[in-house]
Amino acid sequence: MGSCGIVRGPGHGARAGALRAAVGVVLLGLGLSLSVPARTACAPAAALQSLTQPQYNDTDGTISSAGFLSPFVKSFLHTVQRNPFPAELILKMVHDFEQGLSDEELIKEALVYEVGFLVCAAIGVLYIVLMPVVGFFLACCRCCGNCGGKMYQKQTSSIQCRRRTLYWSVFVTTAIILAGNICMFRSNEALHVSVAQSPPQLNTTIGNIHTFLTAVPQEIFYVVNASHETIQEVNRNLDDIGPQLGTEIQERFMVTLGPALQPVRLLNQETRNISVQLNELDSSLAQLRSSMSRVQDNVTDVKNSINRTLSKPTCVGCAGLESELQRLTLDTSVAIPSLSEFQTEVDKVILLNLTSKIQQVESHFNSLPQRVIDDTKDVVQKSKQLLADIGTQISQFSSEIPLSGLTNAQGTLNQVQGEMVRMTSEVARVERIRWSVFVALCCAVLLVVVCNLLGLVLGPLGLRPKADPTKRSCTADCGGTFFMMGAGFSFLFSWLFMIVVLLLFLVGGNTYTMICRPWNDGQLLKFVDSSGFIPDIGQALGMKTNISLSDIYSDCEEDKTLWTTLHLNEVLNLEEILNVSKYTDQIQKQFEDTDITLSAITLLSPELKGQLSSFSGKANNLNSTAITQQINDLARINLNTTADELDLAASATNAAVQDELRNEANNLRQIQASIETTIIPQLETLNSTVKRLLSLTKEINGTVGEVLRNVGAAQDFLNTNTTQIVKTVSRSFLDCQLGYFNSYADWANRMITQQVGRCRPVAGALDSVEIILCSNAVASLNAFWFSLGWCMIFLIPSIIFSIKLAKYYRKMNSSDVYDEHILMNHIPRAQMLIN
């Protein structure tokens, strides 16, 4: 390529050093040039979900429709039984029942406690005894004509007042009895409904307990299985340790060493651009020299021809053209100082062939994940074994919890439910009989009420003013007869009904005072806890703390977990079971003892630094003024001036040489035209090429300086932080894996202590049984005997008033002489007003 040819052939040692430095630089550049998406040291674990609580059926049930009487019944029973719950007395009688029957002190204590019921029972017995006796004697007395049996009524002035008083007395007592009878019907129906609803409610309650007992093991297994999922997640991450950890290490280098890449890539590109411009400049110079050589030859030929013409004797006045002939000597040489040295430096940088080295470094860089896999193979295998041990330890939780007790409870519930199914039809049959008997009792009382009501209606309707008692109407007599029938039915049934009241009172009243009332205020559970009937739950579970049914009910009412309710922390050390630090510490130590080795990288060797500095210096020393001056000198060549002088000389000389001078002048003009059409465009091309080259060389110095500064800083970073980056990334990866277990341990602790086995269904079951037994069945039963006893009490005044009132409407056998001053107006009397 002439003076602008590329100088090649540096020493082999220098080339090898430059190659090693270039590999380091390209490795640095490759870190940022690889398109790897940002990622963390390990993928985030799946979020652990809270436990889904089982769905339970509503067991509240409906309160009996007889509840309107409950306040009255409870007030009466509280008055009858003012003594507190006899826990000690019951314990004495239960522990030694046979001896208790013969123990006078114990019997006396029991009688003293039941004194209220005994007094009421005595009153009932007195009623049962006296009512038929009084009825018998009254019947005998009346048959003998006494006790109002004589069909004679003395007529006095106060007879109206007496009749009215007796009438309204019977009316009021009958209304009261009717109200009690209505309450009997309602309480009987409420008891019937509560008995009918009890089996479904109990089945629902048992179903809820079944759901609870089934859900508890499932919840525990869910918590344990979540540990298996965590272990599997960590195992997957360990299997993927190469891509995860290796790529993270790559990214750390990419982020940190990125600023050193851009000037290196820019320098590489600028060097190649300069090489392209140098090649274009070399080509332009070669083409220009070729054209200028031809011009020089043509000018030399014309010059020689002119010299021969001027030498002829016939050329008169040509001596003045000697100076013009000397001006035809052209300097056509074009040379650029220091261009050869600069071309040599460019060729040295290009000889590094950084593009081909990128592929080699890429292969080296991509081997980092595999290197991580190879270096951590043993620790990954050991870590997996420790993870299996962690799973085994956590699985002990489900084996140490006494779930067999739940299974036994389910078996017991199944037996109870089977017995309920078997007895449901029998209970329904007995309930139908009971309902029929109670309806008969209600109808018997209603019969008395109907007799009284018929007497109250027919008696006044049939009573005429001024009528003689012996001539009273059949309607009035019928009314009196109904009064006597009502009294007779009262005497006939009341003592039998009082027996029913007494029995139901003793059963229902004591059930309420001995079971329902202490159940409602919590004394019954405390009694069961202190009675020893049920073994202490805490001792059965091997705990130091005693666990009472009252505490369990109270905690379950607040929907606490079995962990809190049963104080399982005394049996199971949850912190120890979920403490996996002894395993994680071993995994951490094994990782710390594992070295992931990265070979040292020298980004720029001293030789390469010197070469880049020399390259920058040569670019800075490129002399642009000389070549610009040469281009300008060539552009100023003008052969037309000499041609004009030849034309002037030809006009002044003789004709012998005139044509020769004109021909030579024309030849010069042709050469000038050739220069303008060929040389001038080549000079313009050369000038633009030089300008582009100079524009590129001006940036080389800054680019090389930036490369030296940034790569130097990057080299210091690699020398001081490579090992630390590997350790930091490895520790971050490990912390992420161990963090899964910490998150799981916190979650499992929270689930077991706050979610597993929320025992509100247990308290709900007791509440449901209390509603079925006390709020419905016992309350309805007590309402029935209270209503029936209410009726029986008011039958006494009803009998008295109705017997006395009957004589005012019945037809007498004899009477007093009619007195005009006595006005026999009936009370009351229906009247019809006709307008």
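Colleague: Which residues make the nonpolar surface patch?
Modeller: Keep in mind that this is a predicted model. The patch is made by Val-125, Leu-126, Val-129, Leu-130, Val-133, Val-134, Phe-136 and Phe-137, and covers about 720 Å².
Colleague: And where does Val-133 sit?
Modeller: Val-133 is in helix H6, residues 115-143. With a relative accessible area of 35%, Val-133 is partly exposed.
Colleague: What does UniProt list for "transmembrane region"?
Modeller: The unreviewed UniProt entry gives residues 115-145, 166-187, 435-461, 482-507 and 783-803. In the model, residues 482-507 are 100% helix, with the end C-alpha atoms 36 Å apart. Residues 783-803 are 100% helix too, and their end C-alpha atoms are 30 Å apart.
Colleague: Switching topic: how many disulfides does the structure hold?
Modeller: Two. One of them joins Cys-516 to Cys-774, S to S 2.1 Å. That pair links distant parts of the chain, helix H16 and helix H27, 258 residues apart.
Colleague: Are those two cysteines buried or exposed?
Modeller: Both Cys-516 and Cys-774 are buried.
Colleague: What about Cys-556, what is it joined to?
Modeller: Cys-556 is joined to Cys-759 by a disulfide, S to S 2.2 Å. The torsion about the S-S bond is about -110°, so this disulfide is left-handed. Cys-556 lies in helix H19 and Cys-759 in the loop between helix H26 and H27, so the pair ties together parts 203 residues apart in sequence.

Key
Residues numbered from 1 in each chain as written. Predicted model: local features only at pLDDT ≥ 70, side-chain atom pairs only at ≥ 80, totals over all residues. Heavy atoms only, no water. Patch = residues over 30% accessible without salt bridge, like charges linked within 9 Å, V, L, I, M, F, W, Y side chains within 5 Å. Areas by Shrake-Rupley, 256 points an atom, 1.4 Å probe, with all protein chains shown as cover. Salt bridge = Lys/Arg side-chain N within 4 Å of Asp/Glu carboxyl O. Helix = DSSP H or I, 4+ residues; strand = E, 2+ residues; numbered from the N terminus. Buried < 20%, exposed > 50% of the residue type's maximum accessible area, 1.4 Å probe, protein only. UniProt positions renumbered as here; feature names shortened; annotations may be inferred. Disulfide = S-S within 2.5 Å.
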